[in-house]
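Reader: I'm new to this one and would like to go through it with you. Could you show it to me first?

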Amino acid sequence: MRDALDATPYDALLLLSFGGPEGPDEVVPFLENVTRGRGIPKERLKEVGQHYFLFGGVSPINDQNRALLDALRKDFAEHGLDLPVYWGNRNWGPYLTDTLREMVADGRRRVLVLATSAYASYSGCRQYREDLAGALATLEGEGLEPPRIDKLRHYFNHPGFVEPMTEGVLRSLAELPEDVRASAHIAFTTHSIPTSAADTSGPVEGHGDGGAYVRQHLDVARLIVDAVRERTGTEHPWQLVYQSRSGAPHIPWLEPDICDHLEELHGAGVPAVVMAPIGFVSDHMEVLYDLDTEATAKAAELGLPVRRSATVGADPRFAAAIRDLVVERAATENGRDVSPCALGVLGPSHDLCPAGCCPARAPKPAAAGADSPYV
């Protein structure tokens with residue numbers, strides 16, 4: 001009989017994600033939620049809306065989160081971790097505030113949060129925390145006693161996140177024609193963000209030159225390239241590139257864009273490319289459109305063979321990694337010594353965001369229940 005794992009003092013895990021439309025009538029309201037207060041031009045809204053309509057107005061992200069929920073619940077049950085798992089979204093149903101109300105009604109008092117964003121940045125971490133703070137404040141305003149919320153640390157370099165992506169790259173290389181396989185280039189992709197946001201990502205002492213956002217992605221890319229070399233004997237050239245830019249043209253964002261990168265590689269005589277979306281947890285719309293549709297069409301136009309490797313999605317190893325992070329954080333809260341699991345040179349990330357980490361665009365008040373005064 002397997003010994004039960006202890007999640008005390010936590011009594012629930014909340015899967016917190018971005019959200020997405022599940023029908024054509026939901027596309028415009030969803031995009032209005034996402035862009036409220038951000039000054040995104042209406043033309044850009046229409047453009048992005050068309051991406052969804054190409055897929056019937058349905059984002060795959062909600063089904064992917066349902067699959068991850070199932071994987072987490074299955075893994076927890078199999079390993080004796082008695083911890084219910086809830087799901088809430090920042091921008092579409094099931095909305096975060098509604099899920100927190102449900103958790104309060106169920107008597108949940110200490111909640112761990114898994115954000116479907118693995119890296120440090122304002123949009124990938126602090127903005128999730130701001131939305132949590134706002135939802136908790138709403139509950140307080142309704143006379144409810146909100147639970148205490150602790151967010152799991154960044155998991156970009158956990159083996160359960162890195163290893164499934166490594167296998168995805170290996171599979172994609174194997175799918176390339178044999179005569180170009182050994183010389184294939186690996187383009188590791190992630191979401192482009194403003195360079196100012198990248199430079200201030202992570203703790204203050206590491207600000208500048210892309211900050212923690214770029215360093216963390218580079219570390220993961222090196223881990224994957226090294227693992228591919230160990231398993232195949234081939235050292236593949238690679239580069240970290242970006243996709244899905246949505247900002248005003250006059251504001252500098254991280255470059256190069258994946259499509260520009262493909263053109264450059266083709267011009268340099270590179271015979272084939274594997275696109276590895278290491279910046280994304282699942283194959284949601286930005287992967288399906290920006291890589292599988294737009295970048296793949298660019299490669300076909302160039303006559304450049306490409307394959308796109310898989311994200312971790314609901315891989316059992318990722319579910320196991322989340323279990324490991326839950327048990328690790330619970331042990332820390334109980335004052336026990338732990339050895340956090342992390343690959344690469346950067347080591348495990350912090351549990352609590354320090355002052356000045358991924359600064360907000362404007363100061364926002366903390367709410368009761370949040371695990372840091374810097375939400």
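Reader: How many bridges link strand 1 and strand 3?

Author: This is a predicted model, where local features need pLDDT of at least 70, side-chain atom pairs count only at pLDDT 80 or more, and totals for chains, interfaces and linings use all residues. Residues are numbered from 1 along each chain as its sequence is written, and side-chain values use heavy atoms, leaving out hydrogens and water. Strands here are DSSP runs (E, at least two residues; helices are H or I, at least four), numbered from the N terminus, and two of them pair if DSSP finds at least two bridges between them. Strand 1 (residues 12-17) and strand 3 (residues 110-115) pair in the parallel sense, and the bridge count is five.

Reader: And what is the bridge partner of Ala12 in strand 3?

Author: Strands of a sheet pair through backbone hydrogen bonds, either parallel or antiparallel. For Ala12, the partner in strand 3 is Val111.

Reader: Which strands stand at the edges of the sheet?

Author: Four strands make an open, parallel sheet, in the order 2-1-3-4. Each edge strand has a single partner, so one side of it is left without a neighbour in the sheet; these are strand 2 (85-89) and strand 4 (148-151).

Reader: At what angle does helix 3 run to strand 2?

Author: Angles run from 0 to 180 degrees between N-to-C directions, with axes fitted to C-alpha atoms, for helices over the stretch in contact; contact means heavy atoms within 4.5 Å. Helix 3 (residues 61-78) lies across strand 1, strand 2 and strand 3, and its angle to strand 2 is about 160°.

Reader: Is Ser309 buried or exposed?

Author: Ser309 sits in the loop between strand 8 (306-308) and helix 12 (316-333), and its contacts include Gly168, Val274 and Pro277. Buried means under 20% relative accessible area, exposed over 50%, and partly exposed in between (1.4 Å probe, protein chains only). Ser309 has 2% relative accessibility, so it counts as buried.

Reader: What share of the protein's residues is buried?

Author: The protein has twelve helices and eight strands. Of its 375 residues, the buried share is 52%.

Key
Lists of a residue's contacts leave out its neighbours within four places in sequence.
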